[in-house]
Amino acid sequence: GAPWAAFLTWTSAELVNTAHRATVDALFSFWVVAALTCFALGLGKGGAWAVGVAAAAGLAFLTKFHLGPVLVGVTILAFCVARKTWAPLREILRPLPILVFLAVVVPWPWLLHHYQGRMDQDQEEIQALAGQAVQEGSMAKDALGEVLWGQLLKRSTGGHYGHANPFWYYLPNLFTFAAPWSLALLFALPWGWKKMRKEGDPLCTLALCWLLGMLLLLSIPKAKRVVYLTPAVPAVALLVAA
């Protein structure tokens, strides 16, 4: 099924469209998929695979802030609930993967805060030399706040970027996004659910948790665009190929 899954992925309308546009969404999707691929390959093994999950999730954060680690985390959490085991999650939450994740993520916000802090100092010196009342700069604080919670809140409310859409927005768009394999997906979803419930098939379980977990999570914030579903393309391909 792997060659079919690869073929279906690379002929998906949304992935082809995203890959030919000058946006970060293709790179972001790559790191999310890389993290979940490491998770799938490392089931029952941990070790280097868990570190791979952490590193890729960290790079997804650097590409699009919180959304990457959250999408990866929700998929893994849903998989653990469906399989009724917390062992895969415990492997990822060991000290080494956490340290690797922090080593990837922390330097960039710190450097941003440091750079903006230097600009604040320069601005204060200019005010002093000009004989003006020195006002404490806020660029460093504002920059760090934007990274840690500003973007998250703005995208949750939706209005800031003009992408506000209703909760059910992704349901009809899923079949545009998955074209030309949308018709097959209608049959693949119940088939995969049956395989998961009756046989406990790990691949079907992961693909369903991947697709449905992301679909549900992305439906909660008000800001919605079809391109946000791009990291779920391989899940569609896995189900249809299987």
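Here is a short chat about how some labels in this predicted model follow from its numbers.

User: Why is the Phe 30 and Trp 31 pair called edge-to-face?
Analyst: Their ring centres are 4.9 Å apart with 70° between the planes.

User: What makes Phe 39 and Phe 79 an edge-to-face pair?
Analyst: Here you get 5.4 Å centre to centre and 90° between the planes. Since the cut-offs are within 6.5 Å and over 60 degrees, that one counts as edge-to-face too. Phe 39 sits in helix α3 (residues 25-41) and Phe 79 in helix α5 (residues 67-83), 40 residues apart, and the pair links these distant parts of the chain. Both residues are buried.

User: Are Phe 30 and Trp 31 buried, partly exposed or exposed?
Analyst: Phe 30 has a relative accessible area of 48%, and Trp 31 has 23%. Buried means under 20% and exposed means over 50%, so values in between are called partly exposed. Phe 30 is therefore partly exposed, and Trp 31 is partly exposed as well.

User: Which residues do ring pairs link into a cluster?
Analyst: That would be Trp 4, Phe 7 and Trp 181.

User: How do you know that Lys 64 and Asp 25 form a salt bridge?
Analyst: Their closest N and O atoms are 2.4 Å apart, and the rule asks for a Lys or Arg side-chain nitrogen within 4 Å of a carboxyl oxygen of Asp or Glu, so the pair qualifies. Lys 64 lies in helix α4 and Asp 25 in helix α3, so the bridge ties together parts that are 39 residues apart in sequence.

User: Why are Lys 64 and Asp 25 called buried?
Analyst: Lys 64 comes out at 14% relative accessible area, and Asp 25 at 6%. The buried label applies under 20%, so both get it.

User: What else does the charged end of Lys 64 do?
Analyst: It sits over the ring of Phe 28, 5.7 Å from the ring centre. The distance part of that rule is within 6 Å, so 5.7 Å passes.

User: What makes Glu 91 and Arg 94 a salt bridge?
Analyst: Their side chains meet at 3.3 Å, N to O. The limit is within 4 Å, so they count. Glu 91 is partly exposed at 26%, and Arg 94 is partly exposed at 46%.

User: How about Lys 195 and Glu 199: what is the distance between their closest N and O atoms?
Analyst: It's 3.0 Å, and they form a salt bridge. Being four residues apart in helix α11 (residues 182-199), they are separated by about one helical turn. Glu 199 has a relative accessible area of 56%, so it is exposed, the cut-off being over 50%. The salt bridge count comes to three.

Definitions and conventions. Residues numbered from 1 in each chain as written. Predicted model: local features only at pLDDT ≥ 70, side-chain atom pairs only at ≥ 80, totals over all residues. Heavy atoms only, no water. Phe/Tyr/Trp six-rings, centres within 6.5 Å; stacked < 30°, edge-to-face > 60°. Buried < 20%, exposed > 50% of the residue type's maximum accessible area, 1.4 Å probe, protein only. Helix = DSSP H or I, 4+ residues; strand = E, 2+ residues; numbered from the N terminus. Lys NZ or Arg CZ within 6 Å of the ring centre and 35° of its normal.
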